[in-house]
Amino acid sequence: MDNNNDNEWFDDYFEGNNNTDNIDKDTRPQKNTTRHIRWGAIAILVLIILLIALLVFLIAVFKDDIKDDMNKNTSDVPAGAQTGITTTPPTTDTTDPARSDTTTTTTEPEPPKPPYPVEADIEVIDGVTYINGILIVNKTYGLPEWFDPGVDPVAQAKLEEMYAAAAQDGLTLWTASGYRTYEEQRTLYEDYAAVDGYDAADTYSARPGHSEHETGLTFDVNDPSSTFDGTPEAQWLEQHCAEYGFIIRYPKGKEDITGFMYESWHVRYVGEEVAKVVMENGICLEEYFGITSVYSESE
Ligand SMILES: [Zn+2]
């Protein structure tokens, strides 16, 4: 009975009724039902709160994972499904660095690229002109009549070395014309002028004192005529002559600078260092030194 009383007190207390005197025995069963419903409601409420709390907790904990998943999905979808979109961004990505690459490659190697015209130290010794130690003969710079050096032994040795290399490649090169004296050049030029006139002769033959053949450093290889142009021998000569210190002295397209027509057969020894710069850059000796090739009015 004590137990019962205790329960009743507890129930009444919960219903806000502390007075045990007010207990109505008729309403007891009804009270019991309400009690159960209330307890049930409280339990459900607590359960809901716990569930919400659990949900909030779970969201808080896995928030980053969910975000990652969503990012993965959004990036995966266009990547897999839309090839057009994925190809476009890499293309723009590669063109942008490519653009910056080309600008860096064009801006970086460009300043050191033209190693010409070099600083020309012009020295005239007894009427013979040397630029940076290299003997110069063209329409501007002539040779005196007394100058008669003969074939340069170093140039001759390098020429033979070059011919041997050409033979290794199955090509036969030989010298059609080498050293000429001032007098020989005068005869040659006057003969041409007698046939074609001086103006025409000036385009392909040098006046005496202005021919490179008078230097002993120049050779006409194989056929000294335009029929030599484009032959395997001419191509080989243009490709390899610099390795032996020679240049194609009157290149194609440089007629206005050299003052002479293109001569695929005419090589001039200048040494490997200068020859490589001249041939690799497709320039003529006048461009390399920054000099002219024009006859003076008095000549
Ligand atoms: Zn020649």
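**Exercise 1.** In what order do the 4 strands of the open sheet stand, and is the pairing parallel or antiparallel?

*Solution.* The model examined here is predicted. Step one: the order of the strands is β4-β5-β7-β6, and their pairing is antiparallel. Step two: β4 (175–177) and β6 (246–248) each have a single partner strand, so they stand at the edges and one side of each lacks a neighbour in the sheet. Step three: with direction ignored, neighbouring strands of this sheet are turned by 45° against each other on average.

**Exercise 2.** Decide whether E123 counts as buried or exposed.

*Solution.* First, locate the residue: E123 belongs to strand β1, residues 122–125. Next, consider its surroundings: E123 has 12 C-beta neighbours inside 10 Å. A residue is exposed if this number is 12 or fewer; therefore E123 counts as exposed. Finally, I134 lies 11 residues apart from E123 along the chain, and their C-alpha atoms are separated by 9.6 Å.

**Exercise 3.** Compare the span of helix α5 with its expected value, and describe what follows the helix.

*Solution.* Helix α5 comprises 15 residues, 182–196. From first C-alpha to last, α5 reaches 21 Å, close to the 21 Å expected at 1.5 Å a residue. Just after α5 comes G197, which takes a positive phi of about 90°.

Terms used:
Residues numbered from 1 in each chain as written. Predicted model: local features only at pLDDT ≥ 70, side-chain atom pairs only at ≥ 80, totals over all residues. Helix = DSSP H or I, 4+ residues; strand = E, 2+ residues; numbered from the N terminus. Buried ≥ 20, exposed ≤ 12 C-beta atoms within 10 Å, placed from the backbone. Expected span 1.5 Å × (residues − 1). Pairing = 2+ DSSP bridges. Axes fitted to C-alpha atoms, helices over the stretch in contact; angles between N-to-C directions.
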